[in-house]
Each structure stands twice: as structure tokens, then as C-alpha cells.
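Thanks for making time this morning.

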Amino acid sequence: MSEDNTPDAPAVQDPARRAFFGVSASAAAAAAGFVALAPGVRLMELAHAQSAYPAAGKFASSKIRWGMLIDTTKCATGCSACVSACNTENAIEPGSGRPAQSSQWIRKIELTEQADGHRELSLPMMCQHCANPPCVDVCPTGASFKRADGIVLVDRHICIGCRYCMMACPYQARSFVDEPLHDQNPEVPRGQGCVEACTLCVQRIDRGLGPACVEACTQAGHGAMLFGDLNDPKSEIATRIATTASSQVRADLRLDPGVRYQGI
Amino acid sequence: MAATNIVYREIANKRATWALLALCGLFIVAGAGAHLTMEHYGHVITGMDNRIVWGLPHVFAVFLIVAASGALNVASTASVFGKSIYKPLAPLSALLALALLAGGLTVLMLDLGRPDRIIVAATTYNFKSVFAWNVFLYTGFFTIVGAYLWMMMERRMNAYAKHLGAAAFIWRLVLTTGTGSIFGFLVARQAYQSAVLAPTFIAFSLSYGTAIYLLVLAGACAIDDRPLGDAIVRRLKNLLATFVAASLYLVAVLHLTNLYFTRNHGIENFILMDGGIFTGLFWIGQVGIGSVLPLVLLLAPAKANLVRNRVLTASAAVVIGGFCQMYVTIIGGQAWPLNLFPGYKVSSSFFDGEVHNYAPSIWEIMLGLGGVALAIAIVFLALRLLRFLPERLDDATLDPSHAHAD
């Protein structure tokens, strides 16, 4: 009995107690971890739940194809909110040279039908993020490339500035950086002597957001630009393209652009 | 047989030789200065922009590269087609080909936005790019023609020269096809997008290369007081006339095929009718000075003592016409706007729908002339240091049978 009263007596219950304390400790740690991580996890969940682009903010995947649908009937003549937003987001400023020497990742084109001279349209034109991009085909070093999710980009590190891609682009969507740059956005590296173009604001997409131009168009009250995953049949852009007539610019070249237009 | 007793000799250590090299040196230094200035300030100081992305440097570079291939004509005629009269002239032909290619590529490389990344261009390839193919074609051309030259000049290797000559002949045809395809594959631009461009560029190369060869040969002989016989000039005259006529024919085919397609009437009207400087350069420069005038000079009957001057004048006219042709092809083709929305008048801050103007800057002119000077300097420095040219180039030396016949 004495043995029962020895200080070691509780050791008889040791496994159970140890298990109890172990479980308790684990639970406490888990709880502490939950308390510590939950806000972040919750915020991420909320962000994705509220994001118009559920596939954004993840690794680029070939299951996704980012694209844009532009409703030219809603695009206002004289409005350049998309251009300003692009310039602000990507830190693009007019250069010191001639206007044709400044980068323009997105531009507004005003159209007048030649037949009647009355019908007027306005639309934004930028890199069309083709599925079969001629700029990627002609680039000698492979600096022009297409990301898995369909975004056509330029690798600043291996672009030699030959401008062959600019010759090959049917949309005149690329610009050449003609002079030294200052005050760049660290997320959008640009460089003198390299070619550049619209990236669909890839830095925003990777944060779960859409392109700045689309956001600006919506904020300006036009809602002419719709961004989304063309491969997701449930996405708004895929639904709209499936149900309303849209067209591709220079469809004759069969480049399968990721940017489509309504109302042309 | 004629070539067996021919003695080859360096051009003499004369003041004229060094004066020419010094002049070339000045242009090379000016070209290097232009390049450094462009690299420091950026292309903003040039006439090029986002609409005319390839400017005067490309006119010079492509002209020199195309001419390089054609400069090999004389060597090919000797080795591949077995015309022994050309054999003594073959080393100069190969040397000129290498020098022109070096000059052209130098201009092309120094006009890059990032010329410091040339090692990237040499080590990182996209094999679908016509440009990347051309990198291989250029390096292959240097290798094959270099080996061919060595085998022609090294007596022990003479027996193999014929085989290398054949390889060089095929390679240079492929090279010019590649250069023409740089433009021919640009389906987006109405001025290009034609399969006819590749054979047209081959014809241009034959014509420009032969013309430059004649001028360099005459220049080298004049600078060193070497006799140059009429027989070889007369033969090259007929060759040049054939190439000029072939070029003109293919240019006509190119424009007629474009005119067949209604969608191309705009660009054709621009180049042929109301393109301002481009129309002028096409009709007066490319067709008038570069084709019709040389054909008249080369084919019209002339007194024997006038033939040489006529051939050299025709050669100079072909070179001038060649520059005009490159200007019209490269700059004119870009000046015409892309047609994104058929049936609409368009306007934008990026000059959509507008014919674009281009005025080359002094830096581009200096860079281009620097490339030409580099090519000339390589040729004359090599002629001064090595035995590329026969001591005598008169009819009796080159073609004894001709001398006897006379």
C-alpha cells in the first residue's frame, strides 16, 4: 500500500494523464494556431468569395484562359478612363520624345463607318493575348512568351530589343522603351531598349484582382469591359460570349485572340 | 589552266590605300560614336518610333547582308559552274562576301535596344523564329565561306575548294531566302506577307553583290595600278544585266500579285502612285536608276573603250537603286497603316489609320555608313595584308585563249 502512497503512485495513471495532457496541449496549440491564423485564412476566403475572378490569385494554370469582352456600344467616345488607369497602374508616363515614341499599352480607337459616315464607335485596343501569338513565333530569343493561363508577356531579361515582334503584331499593340525610365512600379519591371505591351495587369491577377482598365471602366459607369476566364463555362465572360454575338479583330489571321469585341 | 601560273600579291603600300583606310576609319569611329550615343540616350534620339520600328540602320544592314550573299557570285561561277576565267577572282569574291556580312550584322547588332545582350541572342533560341534561323544562317555563312576561302588560298587544300564552293553556293541561297522570309512571314503587314519576297531577295542579292564586286575590283585595281582586262568586265557585264533584269521582273511579279487582291490596292496605290517619297524612290530610284538605267548601260551597243565606264556606272546605279529599294521595302512597308477595321475610318493617339512619316536622324545615318565603311575597310585591309588578288588581271593572264583569239 505504501507503495500506493508513494509519490510515484500517480505514475500508475500516467499514460492516461499523459494522453490527456497531450490532447489538451494539442488542442490548445491548435486553438492558438487557429486564433493566430484564422483571421488571415478567413480574409483570404472572404477575398476569394468576393472576387469576381475566383481563379485569380492562384498559380497560372492552362485550365484557365484569361480574356476580355469589350462592348463597344457601351464604350464612350472621348472617355479614356481605361488608358489613365493603365498608365497609373503600370507607371507609364509620356516620354520626352515624339508622341509616337511613348509607350501606349492601351489606346482608344475612334471608328467611323465609311459606307454611311454616321455610325461611330469607340473602343480600347491593346495586346489581344492571342492563343497563337505572332509576336511569340517571331521572337528570336523566346523573350515573348505566353503564360499557361494565356497571358502574353515579355521577359525583360532576355529581350534584346530587335523589335521583330512589333513588326509581327497585327494590332500594333507593342511599344518600345526609347529612353531611360524613372519611378517605376516595382511590380511592373520595364526597361530601356526592351519591348513591352499590355500584361492584363498580371500583377493584379496574381493578387486575385482584375485588370486596372476594367476596374476603371466599371467605376466610370460604362461597364464596357468584362474580364474573366474564357475556359470557365460558368464565368460571366464565357456566358456572354456563348449567348451574344462577338467578334475578333483580324479574325482572318486565325490568331484566336483572348480579347473579343461586341457591337462592331 | 589559266590560273596555274597566276601570281597573287598584296596591294602595294601606297598612300592611296592608307588614305582610303583612314577615311573608312573616320566613318567607323563616327558609327561607333553614333551607337554609343544611341545606347546612352536611347532610341528617342533617332527617327524610329513605335510605328516605324525598323529605320535607316535596317536599310543599310539588310542591304549589306543581301549584297554579301551576291558578292559570292564570282566564286560560285568559278567553283560550281567551272568557269576557269573567274577562278583568280574567286578569293576576292569570298572576302567581299564575308566583309559585307560583317558590316551588315554590325549595324544590325548595334541598333538593338539591348546590344549588350548579344550573348543572349547567341545562346537563347526560339527555333520557330525566322530571326533565330538567320542567326544560324549567318554564322554558317561565315564558317563555310571562311573555310572555302582558306581552301582556295592554301595550295594543299585547293582540291577541296570546289566542294566547299558548292556548299557555300547552296548556303547563300538559303541565307537570302531567310532574309527575304524575315519580311515574307510578316502576315500582319500588307506590304510584306508574300512568298514572292524570298526569290525576289535572291535576285536582289545576285544583282547588288555583283555590282559591288565590280566596283571593289575596279577600285582595288585602280588603287594599285593593276591592269584589269576587258574580257572579265564584259563577262560580268552580261551577268549583272541578267541579274538586274531578273530583279526587275520579280519586283513586277510582286506588285502584280499584290494588285490582284483587292484588299492590297491601298498599299499598292501608296507605293506606286501617291506615297510621296516612297513612290519617288520606287520609280526614280529603284526602277529608273537601279534597273532601267543599268540595263540600258549594260545592254545598249557601245564602243569597246566605253564598256568599262558603262559597266562601272551601271554598277554604281544598281547600288543606289538597291538602297532605294530597301528604303521603300522596309520603311515604306511600315509607313502604311495596319488595317484593323476594314470599312471604317479610324483614328487614335497611336496614329491608327494614318500614313506615318519617318525622318532618319544623323545617328542612324552615321551608324549605317559606319557599317559600309567597316565592310570596305575589311576588304582593303585584307587586300593590303594578304594575297587575295592576282598581280595582273589583264585578258592574257586571266584567259589566254581570249588573248590568242584577239
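I will start with the contact between the chains, then turn to a strand in chain A, and finish with a pair of helices in chain B.

Please keep in mind throughout that this is a predicted model. Where the two chains meet, the contact takes 48 residues from chain A and 41 from chain B. On the side of chain B that touches chain A, the elements giving two or more residues are α5 (118-123), α6 (130-153) and β2 (344-348) of chain B, and the largest share, five residues, comes from β2(B). Sorted by class, that side of chain B has 22 nonpolar, 11 polar and eight charged residues. The strand β2(B) is also joined to strand β2 of chain A, residues 106-113, by five bridges, and these two strands run antiparallel; within that pairing, E110(A) has S347(B) as its bridge partner.

Now to chain A, where strand β1, residues 66-71, runs parallel to β9(A) and is joined to it by four bridges, with D71(A) standing opposite Q262(A).

Finally, in chain B, the axes of helix α9 (residues 230-260) and helix α12 (residues 304-335) come within 10 Å and cross at roughly 40 degrees, which is why α9(B) counts as oblique to α12(B). The crossing is left-handed, and the residues in contact include L240(B) and V244(B) of α9(B) and V311(B) and V318(B) of α12(B). By class, this helix contact has eight nonpolar, one polar and four charged residues.

Key
Residues are numbered from 1 along each chain as its sequence is written. Chains are lettered from A and ligands numbered from 1 in the order in which they are written. This is a predicted model: local features need pLDDT of at least 70, side-chain atom pairs count only at pLDDT 80 or more; totals for chains, interfaces and linings use all residues. Two strands pair if DSSP finds at least two bridges between them. Two residues are in contact if their C-beta atoms, placed from the backbone, lie within 7 Å. Ala, Val, Leu, Ile, Met, Phe, Trp, Tyr, Cys and Pro count as nonpolar, Asp, Glu, Lys and Arg as charged, and the others, Gly among them, as polar. Axes are lines fitted to C-alpha atoms, for helices over the stretch in contact, and angles run from 0 to 180 degrees between N-to-C directions. Angles under 35 degrees count as roughly parallel, over 145 as roughly antiparallel, 65 to 115 as roughly perpendicular and the rest as oblique. A crossing is left-handed if the near helix is turned anticlockwise from the far one by less than a right angle, and right-handed if clockwise.
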